[in-house]
Amino acid sequence: MNHDAEILATQIDGIAHSLGTWIAGGIGHLKNRPESWGFAGNPTLQTLTMLHVALEGTSAKSPALLECGSGFGFVAALARELGFSVTGIEVVPEYIELSRRLFPAVRIVEDDLLTWDHFGDFDVVYYNGPFAHDQIQANFERRIETRLRPGGIILAVRKVDHTWQASGAFDLLWTDGALRWVLRKHPAVA
Ligand SMILES: C[S@@+](CC[C@H](N)C(=O)[O-])C[C@H]1O[C@@H](n2cnc3c(N)ncnc32)[C@H](O)[C@@H]1O
């Protein structure tokens, strides 16, 4: 990563963080939704690294990427610029409105990830949380891992469940060794 990119990423993170404080009241649970985080952005440089690993790890052309809990749309917009065909799912209408103003070309759908269940339609699924309650987060992660199509890639931030390691169904493509994991589901055996 060159120095100019690092400077730009720092500026973008500063803007996202200040919007998070201004619009979403900083890091904390969603109003009336104690199981969910509100807005807390993944640092742009980390997101870029994960998106590049996904691009190298998929054979799909213009891979379909789902951002779970797209917030203000920064990750979705970045992914779109890199060539992904992007859909964001977000539950907070105010975040969606701001996201559409900031990044009008990015497709955002208002829905609740507790019940939404179309993970199998995507080549790449990204999430950062969004659940603050570990058991709910773990159930959510396992639902994605089950539904994901063979060869599909998961970009996980704040991953809490690691039963995938024993299942043998995924290859680890990259990790920072703590919060961030990139996994690829084994392709279907013909
Ligand atoms: C930790 S933020 C992540 C923001 C962004 N994806 C990123 O990584 O920078 C979690 C986002 O998920 C959203 N969220 C929380 N619970 C949700 C739910 N049940 N359905 C859809 N979105 C949800 C929050 O409103 C918030 O925008």
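Which residues have the most contacts inside the largest nonpolar core? The views below take up this core, one of its residues, a helix and the ligand shell. The model is predicted: local features need pLDDT of at least 70, side-chain atom pairs count only at pLDDT 80 or more, and totals for chains, interfaces and linings use all residues. Residues are numbered from 1 along each chain as its sequence is written.

**View A. The largest nonpolar core has 45 residues.** Val124, Val125, Tyr126 and Leu155 have the most contacts inside it. Helix α3 gives the largest share, six residues. Such a core is a set of buried Ala, Val, Leu, Ile, Met, Phe, Trp, Tyr and Cys residues joined through C-beta atoms within 7 Å. Buried means 20 or more other C-beta atoms within 10 Å of a residue's own, exposed 12 or fewer, with C-beta atoms placed from the backbone.

**View B. Contacts of Val124.** Beyond neighbours within four places in sequence, Val124 is in contact (C-beta atoms, placed from the backbone, within 7 Å) with Ala54, Thr58, Pro63, Leu65, Phe84, Gly152, Ile153 and Leu155.

**View C. Helix α5 covers residues 134–147.** Helices are DSSP runs of H or I, at least four residues, and strands are runs of E, at least two, numbered from the N terminus. Gln137, Phe140, Glu141, Ile144 and Glu145 are buried. Exposed Gln135 and Thr146 sit on the face turned away.

**View D. The ligand is surrounded by 26 residues.** Ser36, Gly69, Gly71, Asn128 and Pro130 are the closest. Elements β2, α3 and β4 each supply at least two shell residues.

Terms used. Near = placed C-beta within 6 Å. Contact = placed C-beta atoms within 7 Å. Expected span 1.5 Å × (residues − 1).
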